[in-house]
Amino acid sequence: MKPEAEYFSMPGFRVGHWTHPAGTTGCSVVIPDTRSLAVVDVRGGAPGTRETSLLEEGRLVQRVDAIVLTGGSAFGLSAADGVMRWLREQGRGFPTASIPVPIVPAAVLFDLRGPEPDWPDADAGYLAASTAAVDNWTSGPIGAGTGATVDKIVNPGGTPSGIGAARVSTAAGTIAALLAVNALGEIAVDRESAISKGEELILAANQTQPRAGENTTIGVVVVDAAVNRDDLVRIGIAAHDGLARAIHPAHTPFDGDTIFVLGRREGHLTPSDALQLSVATQHAVLRAVRHSVPKRS
């Protein structure tokens with residue numbers, strides 16, 4: 001299992017970012033080259049999402065044209081409208097008797113600041129989609145991670161974070177993760193520090209007064225392997241396991257932790273390959289979270 005550099009390409013999946021000129025918020029989009037089988041796994045207690053019900057088991061539409069990650073809380077969901085507009089211009093979408101309808105699920109994080117905050121709108125989403133590229137998987141305070149912070153369980157003002165990206169290659173296939181990390185919890189640098197800080201975080205949880213819905217880690221995991229829906233469900237579980245290894249605490253009542261999983265090719269994993277890719281997913285998500293915070297990779 002081989003971790004890759006933080007700036008990389010992922011064949012079959014383009015990434016685009018839009019960052020507000022004031023550096024306060026932004027949005028990011030992941031666009032598969034063709035409509036992609038997808039699932040979503042929501043573990044946080046305060047999610048903000050769009051079109052996630054379409055990805056539940058038994059639904060008619062389980063393939064997506066793009067995924068949007070955005071700041072701006074619920075206001076930022078309008079960024080997905082711009083991505084839909086760009087996709088429509090490309091003739092992409094779910095076929096109907098009228099025109100193709102692009103399927104664009106989205107998840108938001110809270111980065112509103114002050115009485116007149118900024119947030120991504122439809123034009124921002126359009127620009128993110130129109131600049132998407134396969135070699136644009138990167139980490140830093142850009143796109144949906146622009147206004148993100150972490151460590152709020154011990155520091156109410158938070159520590160600046162951002163987007164984190166990581167890729168892990170295995171004999172069974174390749175996993176790439178893109179996460180916007182705006183967590184209530186701390187980022188664990190290593191296993192030892194996570195264990196040693198356990199008592200401190202329990203005490204902090206007793207003393208802190210977090211505001212519901214103002215924290216969230218949202219992300220996309222893509223799989224370059226032949227997978228079916230059940231395989232993607234297992235990989236989604238593994239992704240949240242990686243999140244819980246990287247953020248302490250994760251999945252709180254005040255976070256909206258949401259991860260989408262997309263497959264490049266459809267097929268079926270062997271049990272051995274499924275295990276290998278699950279372990280790779282945990283590792284990729286762990287690395288992506290750490291890459292989202294400066295000097296912690």
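Trainee: Which backbone oxygen does the side chain of Ser161 reach?

Mentor: That of Val181, at 2.6 Å. Bear in mind that this is a predicted model.

Trainee: Where does Ser161 lie?

Mentor: In the loop between β10 (159-160) and β11.

Trainee: Is Ser161 buried or exposed?

Mentor: Start from the cut-off: buried means under 20% relative accessible area. Ser161 has 5% relative accessibility, so the residue counts as buried.

Trainee: Which residues does Ser161 touch, beyond those up to four places away in sequence?

Mentor: Pro141, Gly145, Ala148, Thr149, Val150, Val181, Ser292 and Val293. Note Val181 in that list. Val181 is also among the residues with the most contacts inside the largest nonpolar core.

Trainee: How many residues does that largest core have?

Mentor: It has 34 residues. Besides Val181, those with the most contacts inside it are Val221, Val223, Ile247, Val261, Val285 and Val289.

Trainee: Which elements give two or more residues to this core?

Mentor: Strands β4 (36-42), β11 (163-170), β12 (173-182), β14 (216-227) and β16 (258-266), with helices α5 (229-246) and α6 (271-291). The top contributor is α6, which gives 7 residues.

Trainee: How many residues are in the second, separate core?

Mentor: That core has 26 residues, including Val61, Leu69, Ala165 and Leu178.

Trainee: Now the aromatics. How many aromatic pairs does a search of the whole structure find?

Mentor: It finds 2. A pair of aromatic rings is described by the distance of the centres and the angle of the planes. Take Phe8 and Trp137: the ring centres are 5.8 Å apart and the planes are at 25°, so this pair is stacked.

Trainee: Where do Phe8 and Trp137 lie in the chain?

Mentor: Phe8 is in the loop between β1 (2-3) and β2 (13-19). Trp137 is in the loop between α2 (122-130) and β9 (149-150). They are 129 residues apart, and the pair links distant parts of the chain.

Trainee: Are Phe8 and Trp137 buried or exposed?

Mentor: Phe8 counts as buried at 5% relative accessibility. Trp137 counts as buried at 0%.

Trainee: Why is the pair of Phe75 and Trp119 stacked?

Mentor: Read distance and angle again. The centres are 4.2 Å apart and the planes are at 15°, so the pair is stacked. Phe75 lies in the loop between β7 (67-70) and α1 (79-89), and Trp119 in the loop between β8 (106-108) and α2. The pair ties together parts that are 44 residues apart in sequence. At 47% relative accessibility, Phe75 counts as partly exposed. Trp119, at 33%, also counts as partly exposed.

Trainee: Zoom out. How many helices and strands does the protein have?

Mentor: It has 6 helices and 16 strands. Of the 297 residues, 54% are buried. Among contacts between residues at least 6 apart in sequence, 81% join residues at least 24 apart.

Definitions and conventions. Residues are numbered from 1 along each chain as its sequence is written. This is a predicted model: local features need pLDDT of at least 70, side-chain atom pairs count only at pLDDT 80 or more; totals for chains, interfaces and linings use all residues. Side-chain values use heavy atoms; hydrogens and water are left out. A nonpolar core is a set of buried Ala, Val, Leu, Ile, Met, Phe, Trp, Tyr and Cys residues joined through side-chain atoms within 4.5 Å. Buried means under 20% relative accessible area, exposed over 50%, partly exposed in between (1.4 Å probe, protein chains only). Helices (H or I, at least four residues) and strands (E, at least two) are DSSP runs, numbered from the N terminus. Contact means heavy atoms within 4.5 Å. Rings of Phe, Tyr and Trp (its six-membered ring) pair if their centres lie within 6.5 Å; planes under 30 degrees apart count as stacked, over 60 as edge-to-face and the rest as tilted. A polar contact is a pair of N or O atoms within 3.5 Å; within protein, one must be able to donate a hydrogen and the other to accept it, and residues adjacent in sequence count only if both atoms are side-chain atoms.
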